[in-house]
Amino acid sequence: MGEEGTEGMVHLLCLATSSGVPLFCRSSRGGAPARQQLPFSVIGSLNGVHMFGQNLEVQLSSARTEDTTVVWKSFHDSITLIVLSSEEGTSELRLERLLQMVFGAMVLLVGLEELTNIRNVERLKKELRASYHLIDSFLGDSELIGDLTQCVDCVVPPEGSLLQEALSGFAEAVGTAFVSLVVSGRVVAATESWWRLGMPEAVLLPWLVGSLPPQAARDYPVYLPHGSPTVPHRLLTLTLLPGLELCLLCGPRPPLNQLDAQLLERSWQPLLDPLRACLPLGPRALPGGFPLHVDILGLLLLHLELKRCLFTVELSGDKEPGQPEKVEEAVHQAQVPRACYLVSGPEEPGIGWRLVALQLGPRRLLLLLSAQSPTHGLRGLATHTLHALTPLL
């Protein structure tokens, strides 16, 4: 690891590509925002070596030192992002996707035109401050994983059909097709039009809502990096319960004051109990009572076609001992999933951990299992779990 004072540090640099002028620098240490900044000489050297390569028609994308990984990425020949990480186990893929998310956040809140046609550097610096809170959440220890998976973080509510019906009715009443319910940055339910949003805005919008300080209502101008990078839309948010927000993506209408208390009460008061049941879903993702094998410590389920994911490492209670090895035998040969696993730690039983990955059709499941889980049963356990989760996503 790095020298004392730099261990676990992440530095993010944003520069104007043509001039090399720094637009901002954000840092984190141990997952928390840090004030420690890189010296200007270091910033200049990092940008200089990248530009030197470009002049020789060599694309410098990443480099490693003994204790630090560096990744460069240019966007539209206008913005250069550089990230340095001394966090243990950081991969270049993780950092590259971080830079994609950061640029997406910049477009989301400033617009592509301002970033590709820089007329006034000082004004752009001020405008980019609006993105700091969102960008800092990428650098921190977030419970979300959409930045890495490039899928929307979701949760499964206990009474999803009721919430979906109410959401569709509310969308029709207010005259917008793009409506969702968001808890702690994760989508609980959404209209079909919201689900059809492209990447990266489908990931960025709920993440943005989850990163902002609590507020009863917001009228937030946003650009859609994929769908509308130069023409702003309005993101309206209304807090139904602390931590649970109703989000609308719309044009000039409806005005925020049109979404009055009577409309909200008429639409959502009858569903107060199902809404309350959504609140603990933030970190857990799955509804209470959903049975999982006792050996499972964490799970990530991806639907690669729908671009949605369920992720949690908080699986207390609702555990079942189960006999998953038998389930695989019952699966039709055409449905047998592809699988791989990794065992970490010494050979002694009860030490280390197990990681198993399984893919069946568009779904990919990754399970983190305790050391007591026998290696010969990993595939069966994962197959059993995937079939149990399939109706949810």
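Trainee: Which residues line the largest cavity?

Mentor: The lining of the largest cavity consists of L144, V152, D153, G185, V203, P206 and W207. On a 1 Å grid over the protein atoms alone, a cavity is a set of points where a 1.4 Å probe fits but cannot get out, and lining residues have an atom within 4 Å of a point. This is a predicted model, in which local features need pLDDT of at least 70 and side-chain atom pairs pLDDT 80 or more, while totals for chains, interfaces and linings use all residues. Residues are numbered from 1 along each chain as its sequence is written, and side-chain values use heavy atoms, without hydrogens and water.

Trainee: How much space lies in the largest cavity?

Mentor: The largest cavity holds about 30 Å³, a volume being the space filled by probe spheres set on grid points joined across faces, edges and corners. One cavity of 30 Å³ or more is found in the whole structure.

Trainee: Changing topic, in what order do the five strands of the open sheet run?

Mentor: The order is β9-β8-β12-β11-β10, with antiparallel pairing; two strands pair if DSSP finds at least two bridges between them. At the edges, β9 (186–190) and β10 (217–224) each pair on one side only. The twist averages 30° from one strand to the next.

Trainee: Over how many bridges do β11 and β12 pair?

Mentor: Strand β11 (residues 228–241) and strand β12 (residues 244–250) share seven bridges in the antiparallel sense. L238 has L246 in β12 as its bridge partner.

Trainee: Which strands does helix α7 touch?

Mentor: Helix α7 (residues 160–174) packs on the sheet against β8 (178–183), β9 and β12, and its direction makes about 135° with that of β8. Helix α9 also packs on the sheet, where it touches β8, β9, β10, β11 and β12. Contact means heavy atoms within 4.5 Å, and angles run from 0 to 180 degrees between N-to-C directions, with axes fitted to C-alpha atoms, for helices over the stretch in contact.

Trainee: And at what angle do α2 and α9 pack?

Mentor: Helix α2 (residues 92–110) and α9 pack at about 75°, with their axes 10 Å apart. They are therefore roughly perpendicular to each other, a term for angles of 65 to 115 degrees. M101, G104, A105, L108 and L109 in α2 meet V203, L204, L205, W207 and L208 in α9.

Trainee: What is the volume of the largest pocket?

Mentor: The volume of the largest pocket is about 490 Å³. A pocket is an open set with protein on both sides within 12 Å along at least five of seven lines. Of its 20 lining residues, E87, R94, F138, G140 and D141 are the closest to its centre. Helix α2 supplies the largest share of this lining, three residues.

Trainee: One last topic: where is P200 found?

Mentor: P200 is in the loop between α8 (192–195) and α9, and the peptide bond from M199 to P200 is cis, with omega near 10°. The bond from R253 to P254 is cis too, with omega near 5°; P254 is in the loop between β12 and α10 (261–268).

Methods:
Helices (H or I, at least four residues) and strands (E, at least two) are DSSP runs, numbered from the N terminus. Angles under 35 degrees count as roughly parallel, over 145 as roughly antiparallel, 65 to 115 as roughly perpendicular and the rest as oblique.
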